[in-house]
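Hi everyone, thanks for coming. Have a look at the model first.

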Amino acid sequence: MNNVVALRRTPKLAEPEQVSAIVVAGSGGAAATTTTYGLATALRVGSGVGVAAVDGTSDGGNLLERVGVEAIGPDRVIRQLESSMAVSTAGVVVVGHGAATSSSLLVDGLLADRQFARVHDVGLALRSPRMKPLIEAGSGIVVVAPARSEPLSRTRSALEWLVNTYGRDVLSRTVITISHQMPQRLVDLTAIREALEPITAGVVEVPFDEVLARPGSLNHTTLSVGVMDAWTDVLDALDRVPAAGEDAMQTGELA
């Protein structure tokens, strides 16, 4: 596999192999799948550890079809997930939607036992009961929204639901990722940054990349430096997430 890619720096993660994160779509068309792929790719290329990207969506997303381009070797296969595993161009293990993914905590545990960092694409399934064990176990949360006014407004309801369900501390391990899906900027994000940066683990903008906008399989070697750096910024923000049980930030209010 060719791991040559435009990456200017490595993630600042103390224990990259311990990463467990869920990627949540704040609205439809938020780019949760490509964000999952991007975080897993930046982590794999930047740190060299084993990384798995998991399709944990409710309706069966296209993560495996989009980024799983090679058969997985027998030394890396997990029996319970064997029928839905492949490898990306960067060497990320991709787990597609299937019977085993009905238990996200089980899948996370199986992958952790193999010393894989884990990034779960849960799409719009944030409120699904099967997400609760992962969230309560302290997984980092990445909420993705497209850089458009209406979807950003709908993302607010996802954040409010998290706070109402798990308490305000949950925001201290939540990273907001705003995906630019058009070359031009469609909305001024200043007010959103000012409202969310003090109370979350971070707010990161992912620039437009025409490679991500095209249909078909993704090859990490064709991605721009800008998007790789942005995904690395998200990983850095996840490294600031308090460990389960630590005191989290209490300051700030949702605007």
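**From surface to sheet**

The protein has an accessible surface of about 10,900 Å², and carbon and sulfur atoms hold 50% of that; the areas come from the Shrake-Rupley method with a 1.4 Å probe, and for residues only the protein chains shown count as cover. A word on provenance: this is a predicted model, where local features need pLDDT of at least 70, side-chain atom pairs count only at pLDDT 80 or more, and totals for chains, interfaces and linings use all residues. Residues are numbered from 1 along each chain as its sequence is written, and side-chain values use heavy atoms, leaving out hydrogens and water.

Of the 255 residues, 55% are buried, meaning under 20% relative accessible area with a 1.4 Å probe, protein chains only.

Now the architecture: eight helices and nine strands, taken as DSSP runs of H or I for at least four residues, or E for at least two, numbered from the N terminus. The nine strands form an open, mixed sheet, ordered β3-β4-β5-β2-β6-β1-β7-β8-β9; strands pair if DSSP finds at least two bridges between them. Because β3 (70–71) and β9 (202–206) each have a single partner strand, one side of each lacks a neighbour in the sheet.

Let's zoom in. Strands β2 (residues 51–55) and β6 (residues 117–123) are parallel, joined over five bridges, and A52 sits opposite R118 in β6.

Helix α8 (residues 225–239) packs on the sheet, touching β1, β7 (140–146), β8 (174–179) and β9; contact here means heavy atoms within 4.5 Å.

Note on methods. Axes are lines fitted to C-alpha atoms, for helices over the stretch in contact, and angles run from 0 to 180 degrees between N-to-C directions. Buried means under 20% relative accessible area, exposed over 50%, partly exposed in between (1.4 Å probe, protein chains only).
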